[in-house]
Amino acid sequence: MTLLPHLIGGKADAPAGTRSADIVNPATGETVGRVPLAGRATVEEAIAAAEAAFPAWRATPPARRARVMFRFRQLLEDNADRICEAITREHGKTLEDARGELTRGIENVEYACGIADLLKGEHSKNVGPGIDSWSEFQPLGVVAGITPFNFPAMVPLWMFPVAVACGNSFILKPSERDPSASLLVAQLAQEAGLPPGVLNVVHGDKEAVDTLLTDPRVQAVSFVGSTPVAEYVYATGTAHGKRVQALGGAKNHAIVMPDADLDNAVSAIMGAAYGSCGERCMAISVVVAVGGETADRVVAKLAEQVRALTVGAGTGAGCDMGPLVTRAHFEKVKGYVDQGVAEGAELVVDGRGLVVPGHEGGFFLGGCLFDRVTPDMTVYREEIFGPVLCVVRVATMQEGMDLIDAHEYGNGTCLFTRDGEAARYFTDAIKVGMVGVNVPLPVPVSYHSFGGWKRSLFGDLAAYGPDGVRFYTRRKTITQRWPAGGVREGAQFSFPSMK
Ligand code: NAD
């Protein structure tokens, strides 16, 4: 079984004798590779390589750094099939969905191609007599990214293109569950012309993460994953003096108003709830139906479409949904369905027990639909991260908004309506970071930034886009005077002002 290499200082290296873990194809249950789990010494080697590469890369003009991004973009397009095959083999999502993920990732590379413009500073002439002042945005040094399993290509691409385009060197610690696509993408960035050490990949688990969080040479950490780990990463990294952005879990509600175009709303919700088997941080996992009649109609339409979902290996044509990522995750999601039934929710469609012929060893769960879910139930409170949709019935839009605002997560939400006034009120007042109106997955494009509120994001700056540039740079403000004819004034002991 091949052991995946780390990428350190430009060299792909598979160290013998380290801890390692199986990489499993979730559609078959078969082991398809092994991933090394770096110990402290290996991570320190990567940090040293990144630190050594930083000074020359920092001094490289942004326009040259941008040219690497242009080449990188083309290599990603040229190798799209290989990348998507690796995603589907180790994650399980359909090839078409993998292509969607990659395309959204490439958009971040396209954004980074404009880095020379994005790094332009601010200049003020004559802030005092003969005094000019300007702000510039300097790279931080060695920065790290720790990424989740559910977007093994896109989430690394949220981070390192902007970070290295800003002049930093980077260490990526991908998910150990599906690391091949992350590594492949990083290798293509190197092939595009990143000097050795500017982008490094270390595979691993908590030990690798803890080394990145505590080593004083690492200046900043971007994290995307579950909320308990995000909170830990934020607390530990900031306690060690680092800048940290840690994006966590979600429970995204869609409110369906009585005036909504129900056919369109239901098909939008189907894709957002069951696409990628519900393993998206922006997945709709709760439908809030306003009024009993709306709820009855929405549940009937959803039930029909959930029963019709085609589930199979992500490589097969025409599949809506692949398997869940691991056997452990499959058991966890199925356990939530059991618990929902035990707590009294009405299981309208039961996807448990699904067998995909020819893939009996795969981790397949059919779409599940709960009606009459109440806010005290575990299936409502916790992130399930699977193909399980809960319908909650409320009397008014305000009641639905109060539910959303009271929930611990605030990543995404959506309102389905034809009423502009209701939509305007909703988008203004709701306590959620990314809001859709008749758009079920309001994932910001690459030239905006991605970030939830409440316990969906720890830190001050969102991911990628303008916030990404700010996160990976440090403002420096310079005030300068060149007095003609030498020093003309004596010492001034009062605070300088323009009075
Ligand atoms: P996870 O938290 O288990 O793992 C994320 C990363 O943290 C991985 O690289 C993993 O190796 C590392 N890690 C895991 N346990 C750790 C520990 N105890 N100490 C240090 N590091 C640890 O998340 P996951 O299961 O890979 O991804 C799914 C989660 O990510 C979901 O909760 C989902 O909502 C969230 N997510 C959020 C966003 C967002 O933008 N907010 C995007 C994608 C995924």
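## Annotated domain

An unreviewed UniProt entry carries the annotation "domain: Aldehyde dehydrogenase" for residues 19-478. The model discussed here is predicted.

## Surroundings of the ligand

There are 28 residues around the ligand, and those that come nearest are Pro148, Gly225, Ser226, Gly249 and Cys281. Sorted by class, the shell around the ligand consists of 13 nonpolar, 10 polar and five charged residues.

## Helices α2 and α4

Two packed helices are described by the angle between their axes and the distance between the axes. For helix α2 (residues 62-78) and helix α4 (residues 95-112), the angle is about 165 degrees and the axes are 9 Å apart. Angles over 145 degrees count as roughly antiparallel, so α2 is roughly antiparallel to α4. The crossing in which α2 passes α4 is left-handed.

On the α2 side, the contact is made by Met69, Phe72, Arg73 and Leu76. These residues meet Leu102, Ile106, Val109, Glu110 and Ala112 of α4. By class, the contact of α2 with α4 has seven nonpolar and two charged residues, with no polar ones.

## Helices α4 and α6

Helix α4 also packs with helix α6 (residues 154-165); their axes come within 8 Å and cross at roughly 10 degrees. Because angles under 35 degrees count as roughly parallel, α4 and α6 are described as roughly parallel to each other.

From α4, the residues in this contact are Glu101, Leu102, Arg104, Gly105, Asn108, Val109, Tyr111 and Ala112. Their partners in α6 are Met154, Leu157, Trp158, Pro161, Val162 and Ala165. The contact of α4 with α6 divides into 10 nonpolar, two polar and two charged residues. Leu102, Val109 and Ala112 of α4 take part both in this contact and in the contact with α2.

## Helices α3 and α7

Helix α3 (residues 80-91) packs with helix α7 (residues 180-191) at an angle of about 160 degrees, and the two axes are 8 Å apart. The pair is therefore roughly antiparallel. Helix α3 passes α7 in a left-handed crossing.

Arg82, Ile83, Ala86, Ile87 and Glu90 represent α3 in the contact, while α7 contributes Ser180, Ala181, Leu184 and Val185. Six of the residues in the contact of α3 with α7 are nonpolar, one is polar and two are charged.

Definitions and conventions:
Residues are numbered from 1 along each chain as its sequence is written. This is a predicted model: local features need pLDDT of at least 70, side-chain atom pairs count only at pLDDT 80 or more; totals for chains, interfaces and linings use all residues. A residue is near a molecule or strand if its C-beta atom, placed from the backbone, lies within 6 Å of it. Ala, Val, Leu, Ile, Met, Phe, Trp, Tyr, Cys and Pro count as nonpolar, Asp, Glu, Lys and Arg as charged, and the others, Gly among them, as polar. Axes are lines fitted to C-alpha atoms, for helices over the stretch in contact, and angles run from 0 to 180 degrees between N-to-C directions. Helices (H or I, at least four residues) and strands (E, at least two) are DSSP runs, numbered from the N terminus. Angles under 35 degrees count as roughly parallel, over 145 as roughly antiparallel, 65 to 115 as roughly perpendicular and the rest as oblique. A crossing is left-handed if the near helix is turned anticlockwise from the far one by less than a right angle, and right-handed if clockwise. Two residues are in contact if their C-beta atoms, placed from the backbone, lie within 7 Å. UniProt positions are given in the numbering used here, feature names are shortened, and annotations may be inferred rather than shown by experiment.
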